[in-house]
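Here is a short briefing on a predicted model.

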Amino acid sequence: MAGHSKWANIKHRKGAQDKKRAKEFTRAIKEITVAVKEGNSADPETNPTLRNAISNAKGVNMPKDTIERAIKKASGADADSYELVTFEGYGPHGIAIFVECTTDNTNRTVASIRSIFSKNGGSLGTNGSLEFLFDRKGVFTIDTTDIELSTEELELELIDGGALDVDKDDELLTVYTEFVDFGKMSTRLEELNIEPKNAEIQRIPLNTIELPVDQGQQIFKLIDKFEEDDDVQNVYHTLEITEGLIDSFEDE
């Protein structure tokens, strides 16, 4: 998991400084909208899904007033109506790709995702055909800069909260839990007065495929195409994130 978490942290640091911020805001607003609708509440105290959505919005530096406007709009009669849809397929070199979308027009989204696969050497599969290649885990990203606990004390607390694995990259910790322990870890972090930069359920590949750097970069160009689509929330894949691949992007 370490390679994937390090890559995510590199993207987080770079993404906060470039044009992807607008897309991150769009994703965060959609997440808030879905959380309010599914939890049937605009109160984060009684809606833990909304609480996580707000935390994630703060993690991409969304202003407080923007978050409040999003919650207010999501709870109004004219709130946008989104549907969660997923797509599974293969990219070049046998890399499995799982795409999660939030959309108000399924036909548009299906056409867009199919086009991205076909124009970039991939193929869209049937739903459920690749789901067995991924395991759903809780993933929390924590900035340790202002945490008073020592690393050892913090890790013991995280294990208490259900942590399966903890990866450290500079001042960021990535904590993994079982799917069923997501709420338990959220509660533990609240008790410790720690607000994660990001908290979500992710699909972690059970097995990965290592490719030469040039082929790995080709896969990430395809992933970028998906992530540029306004309907796409998350993209998961079975590419092994090697140090060589990470270095090739850090040098950009």
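Three aromatic pairs turn up in a search of the whole structure of this predicted model.

**Phe98 and Phe134**
- The ring centres of Phe98 and Phe134 are 6.0 Å apart, and their planes meet at 70°. That angle is over 60 degrees, so the pair counts as edge-to-face.
- Phe98 sits in strand β2 (residues 96-103), and Phe134 sits in strand β4 (residues 134-143). The pair therefore ties together parts that are 36 residues apart in sequence.
- Phe98 has a relative accessible area of 1% and is buried. Phe134 is buried as well, at 8%.

**Phe117 and Phe226**
- Phe117 and Phe226 also form an edge-to-face pair, with 4.9 Å centre to centre and 65° between the planes.
- Helix α5 (residues 106-119) holds Phe117, and helix α8 (residues 213-228) holds Phe226. This pair ties together parts that are 109 residues apart in sequence.
- Both of these Phe residues, Phe117 and Phe226, are buried.

**Thr238**
- Thr238 lies in the loop between β8 (232-237) and α9 (243-250).
- Its relative accessibility is 5%, which is under 20%, so Thr238 counts as buried.
- A polar atom of the Thr238 side chain lies 3.0 Å from the backbone nitrogen of Ala96.
- Leaving aside residues up to four places away in sequence, Thr238 touches Gly94, Ile95, Ala96, Phe134, Pro205, Asn207, Thr208 and Ile209.
- One of these contacts, Phe134, is also the ring partner of Phe98.

Definitions and conventions
Residues numbered from 1 in each chain as written. Predicted model: local features only at pLDDT ≥ 70, side-chain atom pairs only at ≥ 80, totals over all residues. Heavy atoms only, no water. Helix = DSSP H or I, 4+ residues; strand = E, 2+ residues; numbered from the N terminus. Buried < 20%, exposed > 50% of the residue type's maximum accessible area, 1.4 Å probe, protein only. Polar contact = N/O pair within 3.5 Å; in protein donor to acceptor, adjacent residues only side chain to side chain. Contact = heavy atoms within 4.5 Å. Phe/Tyr/Trp six-rings, centres within 6.5 Å; stacked < 30°, edge-to-face > 60°.
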